[in-house]
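Work through the exercises below with the sequence and coordinates at hand. Each one is followed by a solution in steps.

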Amino acid sequence: MVTMTAPTPDAGRHPVSPTVGTMVVDRRNGKVGVVMGHVGPYVQLRPPRGGREWDVPPEDVRTPTPTEELSAKVAVANRRWGR
């Protein structure tokens, strides 16, 4: 279950401030990321499988669809099993 600390932009295009560890989607490129922190006006995301973090303005973050979230979780599980 994904929880946000404020309404998602989908619900009214209001910026959100997702909590650390929450899975979100960068609207600009469609990439799923895990919130690692907040620096200045940006939300820092990291790919669920690990890798380099990137900064996203809070207004460009949305909750993932169930399909996007499941796909990201499967990718993480596959990496653990070497697939």
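**Exercise 1.** In this predicted model, find how many residues lie between β2 and β3 in their hairpin, and which turn residue has a positive phi.

Solution.
- Two residues separate β2 from β3 in the hairpin.
- In that turn, G40 has a positive phi of about 60 degrees.
- The pairing of β2 (residues 32–39) with β3 is antiparallel and runs over five bridges.
- Within it, H38 is placed opposite V43 of β3.

**Exercise 2.** Sort the residues of β3 by face, covered or uncovered, and find what V43 faces in β4.

Solution.
- β3 spans residues 42–46.
- V43 and L45 make up its covered face.
- Y42, Q44 and R46 make up the uncovered face.
- β4 (residues 54–56) is antiparallel to β3 and is joined to it by three bridges.
- In β4, V56 is the residue opposite V43.

**Exercise 3.** Determine which way the side chains of β1 point, and whether they are buried or exposed.

Solution.
- β1 covers residues 23–26; M23 and V25 point one way, V24 and D26 the other.
- Residues on both sides are buried, that is, under 20% relative accessible area.

**Exercise 4.** Trace the strand partners of β1.

Solution.
- β2 is joined to β1 by three bridges, antiparallel, with V34 of β2 opposite M23.
- The hairpin of β1 and β2 has five residues between the strands, and G30 there takes a positive phi near 80 degrees.
- β5 (residues 61–62) is also antiparallel to β1, through two bridges.
- R62 in β5 is the bridge partner of V25.

Definitions and conventions. Residues numbered from 1 in each chain as written. Predicted model: local features only at pLDDT ≥ 70, side-chain atom pairs only at ≥ 80, totals over all residues. Heavy atoms only, no water. Buried < 20%, exposed > 50% of the residue type's maximum accessible area, 1.4 Å probe, protein only. Helix = DSSP H or I, 4+ residues; strand = E, 2+ residues; numbered from the N terminus. Pairing = 2+ DSSP bridges.
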